[in-house]
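Please look over the chain shown here.

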Amino acid sequence: LQLSYAGGDDPEGWTPEEVEGYDGWGHDVGRTWRKGDRLEKEGFENFRKEFGKDAFALHHRFYLHYDGSNRMWLSAEDG
């Protein structure tokens with residue numbers, strides 16, 4: 001799991017194509033799974049060097065929040 005920022009100055013963040021084509025509410029079977037070569041073409045120039053030749057990306061939105069007992073939770077959508 002690698003957390004990154006979408007839509008900002010994060011060199012490991014989502015590519016503009018990922019933001020534009022966001023499909024996170026769909027089932028994983030029908031979603032776009034990005035492999036290293038595609039991510040590098042979209043601007044993440046060192047993806048395979050950083051994460052390995054077999055790594056891929058399937059992006060999800062998430063947020064941090066506190067519950068009623070003041071415990072922090074990471075909540076994410078699930079396709």
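The report moves from the whole chain to single residues.

## Model and fold

This is a predicted model. The chain holds three helices and four strands. Read from the N terminus, the order of elements is α-β-α-α-β-β-β.

Of the 79 residues in the chain, 27% are buried. The accessible surface is about 6000 Å². Carbon and sulfur atoms account for 52% of that surface. Taking contacts between residues at least 6 apart in sequence, 40% join residues at least 24 apart.

## Salt bridges

Side chains of opposite charge can pair when their charged atoms come close. In this chain, the count is five salt bridges. Among them is the pair Glu 42 and Arg 34, with N to O at 2.9 Å. Both Glu 42 and Arg 34 are buried.

Glu 42 also meets Arg 38 in a salt bridge, with N to O at 3.0 Å. Glu 42 has a relative accessible area of 13%, so Glu 42 lies under the 20% limit and counts as buried. Arg 38 has a relative accessible area of 38%, so Arg 38 sits between the 20% and 50% limits and counts as partly exposed. Through shared partners, salt bridges join Arg 34, Arg 38 and Glu 42 into one network.

Another of the five salt bridges pairs Asp 54 with Lys 53. Their closest N and O atoms are 3.4 Å apart. Here both residues, Asp 54 and Lys 53, are exposed.

Ala 57 belongs to strand S2, which spans residues 56-57. Is Ala 57 buried or exposed? Its relative accessibility is 15%. Ala 57 is therefore buried, because the cut-off is under 20%.

Which residues does Ala 57 contact, leaving aside neighbours within four places in sequence? They are Glu 18, Thr 32, Trp 33, Arg 34 and Leu 39. One of these contacts, Arg 34, is also the salt-bridge partner of Glu 42. Arg 34 is itself buried.

Ala 57 and Trp 14 are 43 residues apart along the chain. Their C-alpha atoms are separated by 9.5 Å.

Notes:
Residues numbered from 1 in each chain as written. Predicted model: local features only at pLDDT ≥ 70, side-chain atom pairs only at ≥ 80, totals over all residues. Heavy atoms only, no water. Helix = DSSP H or I, 4+ residues; strand = E, 2+ residues; numbered from the N terminus. Buried < 20%, exposed > 50% of the residue type's maximum accessible area, 1.4 Å probe, protein only. Contact = heavy atoms within 4.5 Å. Areas by Shrake-Rupley, 256 points an atom, 1.4 Å probe, with all protein chains shown as cover. Salt bridge = Lys/Arg side-chain N within 4 Å of Asp/Glu carboxyl O.
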